[in-house]
Amino acid sequence: MSIKKLDRIDYAILAQLQADGRMSNVELSRRVNLSPSPCLDRVRRLEAEGYIEGYVAKLNAAKLELGTSAFIQVTLDRTTGDVFDNFRDSVVGIPEVAECHMVAGGFDYLLKLRISGMETYRQVLSQLVELPGVAQTHTYMVIEEVKVDRGLPVRQKKGKPPQ
């Protein structure tokens, strides 16, 4: 399947669905100034081409008693493929690890935890430091979330005319 370049309507559809994935096709078509049938065709194409990976509900962490966040820097004792693989395979099984990123710089991984409090933090930290290859960790507790991920900055790139 050949992937078509995105135009301004595609970008508008992506932005609208990112803001409200439960929006009806009729409402979406109204917001992007397109009739419902072609709008639905575009959404299906965007899904098929992988621009839309899925639809999820945004849950309230505080109401679910997961309102505490922490970031943990992890330094491995050596940087070999097997150590990276073992760490990755282990960390994906820890439910409190919301995100794990391999990074370049002074340490190897940056993890984001979503936890109920310090007791849970201590349990997760114990799991992490026992993983093979972990040499050192540094934790940063979140005091206030100033800006949280609300999605990608969806907009058409300047200088590119619509297709």
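**Close-up views of a predicted model**

**View 1. Surface patch of Leu59, Leu64 and Leu66.** These three leucines form a nonpolar patch on the surface, with about 290 Å² of accessible area together. Accessible areas come from the Shrake-Rupley method with a 1.4 Å probe, and for residues only the protein chains shown count as cover. A patch is made of residues with over 30% relative accessible area and no salt bridge; like charges are joined within 9 Å, and nonpolar side chains (Val, Leu, Ile, Met, Phe, Trp, Tyr) within 5 Å. A salt bridge is a side-chain nitrogen of Lys or Arg within 4 Å of a carboxyl oxygen of Asp or Glu. The model is predicted: local features need pLDDT of at least 70, side-chain atom pairs count only at pLDDT 80 or more, and totals for chains, interfaces and linings use all residues. Residues are numbered from 1 along each chain as its sequence is written, and side-chain values use heavy atoms, with hydrogens and water left out.

View 2. Helices (H or I, at least four residues) and strands (E, at least two) are DSSP runs, numbered from the N terminus. The C-alpha atoms of glycine 67 and alanine 48 are separated by 35 Å. Leaving aside neighbours within four places in sequence, glycine 67 is in contact (heavy atoms within 4.5 Å) with Ala61, Ala62, Arg114 and Ile115.

**View 3. The largest nonpolar core.** A nonpolar core is a set of buried Ala, Val, Leu, Ile, Met, Phe, Trp, Tyr and Cys residues joined through side-chain atoms within 4.5 Å. Buried means under 20% relative accessible area, exposed over 50%, and partly exposed in between (1.4 Å probe, protein chains only). The largest core has 20 residues; Ile72, Val74, Leu76, Phe87, Leu111, Leu113 and Leu128 touch the most other members. Strand 1 (68-76), helix 4 (81-91), strand 3 (109-115) and helix 5 (118-129) each supply at least two of its residues.

**View 4. Salt bridges of Asp10.** Aspartate 10 meets arginine 42 in a salt bridge (2.9 Å, N to O). Arginine 42 is in helix 3 and aspartate 10 in helix 1 (residues 8-19), 32 residues apart. Aspartate 10 also forms a salt bridge with arginine 45, the closest N and O atoms being 2.7 Å apart. This second pair likewise lies in helix 1 and helix 3, so it ties together parts that are 35 residues apart in sequence. Aspartate 10 is buried, with a relative accessible area of 0%, and arginine 42 is buried at 17%.
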